[in-house]
Amino acid sequence: MSIYDALGGEPTIRAVVDDLADRLAADDLLGPLFDGVDHEALQRHRVSYLAAVLGGPEQYLGQSMRDAHRPFRLTDAHMERFLQLAREALDAAGIAPEAARAMLDLLDRLRPVIVDPNAVGEVSRPASES
């Protein structure tokens with residue numbers, strides 16, 4: 001059984017992504033990154049990406065994770081905060097611990113392409129997107 005199926009498929013992934021988006025937007029550290037962003041388009045990309053990488057039938061046609069996150073110069077601290085918020089969203093959705101752990105492990109494996117090893121300090125929006 002895929003992680004996608006263990007989570008409950010697209011409806012559950014969409015619910016987790018929606019909850020996570022609310023948590024991200026309200027977060028003091030990560031929230032400012034989403035100012036001025038087309039939230040509906042971002043949500044579609046998030047659901048599509050997660051469904052695809054978790055073993056669902058969807059195809060992801062957006063930017064690579066490296067290209068999408070590179071301008072933000074994210075640190076390990078930002079990744080840890082994201083994973084904490086994702087864990088909270090999974091818990092709130094009542095996801096079984098094994099399935100939640102599998103999804104969090106998959107997200108954490110993206111760390112090398114999301115985190116900028118040369119970044120230090122606070123995350124900020126790229127000048128071209130301010």
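This is a predicted model: local features need pLDDT of at least 70, side-chain atom pairs count only at pLDDT 80 or more; totals for chains, interfaces and linings use all residues.
Residues are numbered from 1 along each chain as its sequence is written, and side-chain values use heavy atoms, with hydrogens and water left out.

Let us start with the aromatic rings. Rings of Phe, Tyr and Trp (its six-membered ring) pair if their centres lie within 6.5 Å, and the planes count as stacked under 30 degrees apart, edge-to-face over 60 and tilted for the rest. By this rule there is one aromatic pair. The ring centres of tyrosine 49 and tyrosine 60 are 5.0 Å apart and their planes stand at 85°, so the pair is edge-to-face. Because tyrosine 49 lies in helix α3 and tyrosine 60 in the loop between α3 and α4 (65-69), the pair ties together parts that are eleven residues apart in sequence. Helices here are DSSP runs (H or I, at least four residues), numbered from the N terminus.

Serine 48 also belongs to helix α3, which covers residues 39-53. Not counting residues up to four places away in sequence, serine 48 touches Glu58, Gln59 and Tyr60, where contact means heavy atoms within 4.5 Å.

Two loop residues deserve a look as well. Glycine 31 is in the loop between α2 and α3, and leaving aside neighbours within four places in sequence, glycine 31 is in contact with Leu24 and Ala25. The C-alpha atoms of glycine 31 and alanine 21 are separated by 9.2 Å, with the two residues ten apart along the chain. Arginine 73, in the loop between α4 and α5, has a positive phi of about 50° although it is not a glycine.

Here are the accessibilities of four of these residues:

| Residue | Relative accessible area | Class |
|---|---|---|
| Serine 48 | 18% | buried |
| Tyrosine 49 | 14% | buried |
| Glycine 31 | 5% | buried |
| Arginine 73 | 42% | partly exposed |

On a 1 Å grid over the protein atoms alone, a cavity is a set of points where a 1.4 Å probe fits but cannot get out, while a pocket is an open set with protein on both sides within 12 Å along at least five of seven lines; lining residues have an atom within 4 Å of a point.

The largest pocket has a volume of about 940 Å³. Its lining has 33 residues, and Phe34, Leu42, Arg46, Ala68 and His69 lie nearest the centre. Helices α2 (9-26), α3, α4 and α5 (76-92) each supply at least two lining residues, and α3 gives the most, with six.

The structure also holds one cavity of 30 Å³ or more, and the largest cavity has about 30 Å³ of space. Leu7, Thr12, Ile13, Val16, Val17, Leu50, Leu90 and Met103 line this cavity. Here α2 gives the most to the lining, with four residues.

Conventions
Buried means under 20% relative accessible area, exposed over 50%, partly exposed in between (1.4 Å probe, protein chains only). Grid points are joined across faces, edges and corners, and a volume is the space filled by probe spheres set on the points.
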